[in-house]
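Here is a brief report on the fold of one protein chain. It takes the sheets one by one, then a helix pair and a loop residue.

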Amino acid sequence: MTAPGHGDGTDAKDAAHADAVDAVLDGGQGAEGRAAVVERRLHPVTPFRRAWAPVAVLVGWAAHDPNGAQEQLTKLTDTMLLLGLAVLVPVAGLYGFLSWWFTHFAVTESELRIRTGLLFRRTAHIRLERVQAVDVSRPLLARVAGVAKLRIDVVGADKKDELAFLGEQEARALRAELLARAAGFAPETAREVGEAPAHELLRVPPRALMLSLVLTGATWGSLCAALVVPTVLWLTTHNVWTVLATALPLFGAAGARSAGRFVAEFDWKVGESPDGLRIDHGLLDRTHETVPPGRVQTVRIVEPLLWRRLGWVRVELDVAGSANSVLIPVAPRAVAESVIARVLPGVTVPQALSRPPGRARWCVPVWWRGHRLAVTDTVFATRHGLLRRRLSLVPHAKVQSVRLSQGPWQRLWRLADVHVDTGAGKTVTARQRDAREAVRLLYDQAERSRTGRRDARPDRWMT
């Protein structure tokens with residue numbers, strides 16, 4: 001016989017256990033959260049993109065074993081080929097449809113949830129406060145179809161999660177909502193915020209971009225290799241086919257590298273908005289990126305030798321969890337520094353940098369003159385390189401650790417290196433400094449980093 005109330009207690013425990021399990025599976029949303037979550041599917045054009053997967057498997061098998069593939073093709077008759085196509089096309093179409101049907105995404109109170117997988121299910125829970133950037137990419141064929149790809153950068157993730165594809169308007173609206181939520185807006189107001197207006201700061205003319213590529217040392221090095229190597233081969237072998245087989249790939253590589261950068265960096269625009277700096281670029285594939293304020297770890301000013309007479313520089317950056325590495329492909333130095341002031345508020349690019357002591361020439365005979373250092377109230381700045389100068393700026397608040405290293409030869413000449421590690425997994429090094437200066441710099445920089453993090457703005461910059 002059951003004691004009074006025992007059955008009720010068991011039922012209550014079972015119900016509580018079921019609610020707890022459901023809460024875990026739903027990311028801690030509970031019954032109310034589950035009711036509010038609306039799952040959405042990708043654009044209906046997505047199955048056509050995913051239908052290529054079975055075809056890609058066959059192509060990969062043929063590339064891996066070309067002889068076997070050729071033997072199998074010779075054994076097939078025309079009727080068997082037609083039957084094979086009649087089977088392959090529907091199977092590819094069915095795979096694309098099912099993979100699209102089983103892909104859902106939803107924005108909950110605290111995360112973006114993406115469920116994918118036809119045979120093996122995968123659910124990605126992307127915490128909104130961990131979102132670094134949300135980029136909208138529109139490849140050429142996607143632009144024709146009126147769709148776009150949404151790519152999400154998350155802190156600590158090596159691989160970007162993406163939603164491919166969404167309608168262009170839906171992609172922009174979702175991007176604006178995610179950025180607003182990551183910035184600290186409440187869920188009920190994030191959808192109403194919409195895409196923040198942007199004020200254009202910089203636009204790179206195609207002529208300046210083309211001239212900068214012509215004046216790049218890598219381009220001239222590739223061209224010189226394409227001219228010298230075939231000439232040497234002709235003098236040694238006198239074989240026209242050997243010369244052509246070597247020259248054509250070298251000339252192709254030289255042209256492809258410059259052409260690839262021109263296509264990717266064409267019509268480069270930088271704008272400022274409450275979300276951060278907006279970057280639009282691309283000739284065939286248009287990309288719309290955002291650099292959130294306060295999340296840039298390092299800024300580098302690159303100054304190639306042939307650009308100095310024109311006063312041009314290239315600006316690169318490191319953002320934790322983001323693959324974005326270019327802020328400005330080419331611009332006058334004054335314009336570039338004004339944009340850097342927007343990325344790193346309150347930071348002024350130091351103009352006077354100190355050299356290592358003269359005895360550093362015994363450790364690095366020629367290139368020691370290219371190593372420079374400056375420490376201001378806001379940044380740790382180092383420069384290296386003689387032909388291609390790179391000035392790295394690390395805000396004190398972004399320094400994760402400081403290290404000192406000293407090899408046996410450096411110990412002999414009383415020199416040392418100071419390494420500053422950032423949150424993007426990068427290291428900026430002040431090389432060949434005086435040993436006593438390096439020790440003092442080590443402790444001073446540790447203290448500056450502590451005070452800098454204490455006074456830094458929060459990651460959720462709208463709160």
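In this predicted model, three strands make an open sheet with antiparallel pairing, ordered β1-β2-β3. The edges belong to β1 and β3 (122-127). Each has a single partner strand, so one side of each lacks a neighbour in the sheet. On average, neighbouring strands here are turned by 10° against each other, direction ignored.

Take the pairing of β1 and β2 in detail. β2 covers residues 111-116 and pairs with β1 in the antiparallel sense over 4 bridges. The link from β1 to β2 is a hairpin through 3 residues. His104 has Arg115 of β2 as its bridge partner. Ala106 stands opposite Arg113, also in β2.

Is strand β1 buried or exposed on its two faces? Both faces are covered. His104 and Ala106 are buried on one side, and Phe105 and Val107 are buried on the other. The background is simple: in a regular strand, side chains alternate between the two faces of the sheet.

A second open sheet has 7 strands, again with antiparallel pairing. Its order is β6-β5-β4-β10-β9-β8-β7. Here β6 (161-167) and β7 (199-203) stand at the edges. Each of these has a single partner strand, so one side of each is without a neighbour in the sheet. Neighbouring strands of this sheet are turned by 20° against each other on average, direction ignored.

Within this sheet, β8 (residues 269-273) and β9 (residues 276-281) run antiparallel and are joined by 5 bridges. Ser273 stands opposite Gly276 in β9. Helix α13, residues 333-343, packs on the sheet and touches β7, β8 and β9. The direction of α13 makes about 130° with that of β9.

| Strand pair | Sense | Bridges |
|---|---|---|
| β1 and β2 | antiparallel | 4 bridges |
| β8 and β9 | antiparallel | 5 bridges |

Next, a helix pair. How do the axes of α10 and α12 cross? Helix α10 spans residues 206-214 and helix α12 spans residues 240-265. Their axes come within 10 Å and cross at roughly 155°. An angle over 145 degrees counts as roughly antiparallel, and α10 and α12 are therefore roughly antiparallel to each other. The crossing of α10 past α12 is right-handed. On the α10 side, the contact is made by Pro206, Leu209, Met210 and Leu213. They meet Ser258, Arg261, Phe262 and Glu265 in α12. By type, the residues of this contact divide into 5 nonpolar, 1 polar and 2 charged.

Now a loop residue. Arg308 lies between β11 (296-303) and β12 (312-319). Is Arg308 buried or partly exposed? The relative accessibility of Arg308 is 22%, so Arg308 counts as partly exposed. The cut-off for buried is under 20%. Leaving out residues up to four places away in sequence, Arg308 touches Glu303, Leu386, Leu387, Arg388 and Arg389. Pro332 is 24 residues from Arg308 along the chain, and their C-alpha atoms are separated by 9.8 Å.

Last, the chain as a whole. It holds 15 helices and 19 strands. Of its 463 residues, 41% are buried. Among contacts between residues at least 6 apart in sequence, 54% join residues at least 24 apart.

Key. Residues are numbered from 1 along each chain as its sequence is written. This is a predicted model: local features need pLDDT of at least 70, side-chain atom pairs count only at pLDDT 80 or more; totals for chains, interfaces and linings use all residues. Side-chain values use heavy atoms; hydrogens and water are left out. Axes are lines fitted to C-alpha atoms, for helices over the stretch in contact, and angles run from 0 to 180 degrees between N-to-C directions. Angles under 35 degrees count as roughly parallel, over 145 as roughly antiparallel, 65 to 115 as roughly perpendicular and the rest as oblique. A crossing is left-handed if the near helix is turned anticlockwise from the far one by less than a right angle, and right-handed if clockwise. Contact means heavy atoms within 4.5 Å. Ala, Val, Leu, Ile, Met, Phe, Trp, Tyr, Cys and Pro count as nonpolar, Asp, Glu, Lys and Arg as charged, and the others, Gly among them, as polar. Buried means under 20% relative accessible area, exposed over 50%, partly exposed in between (1.4 Å probe, protein chains only). Two strands pair if DSSP finds at least two bridges between them.
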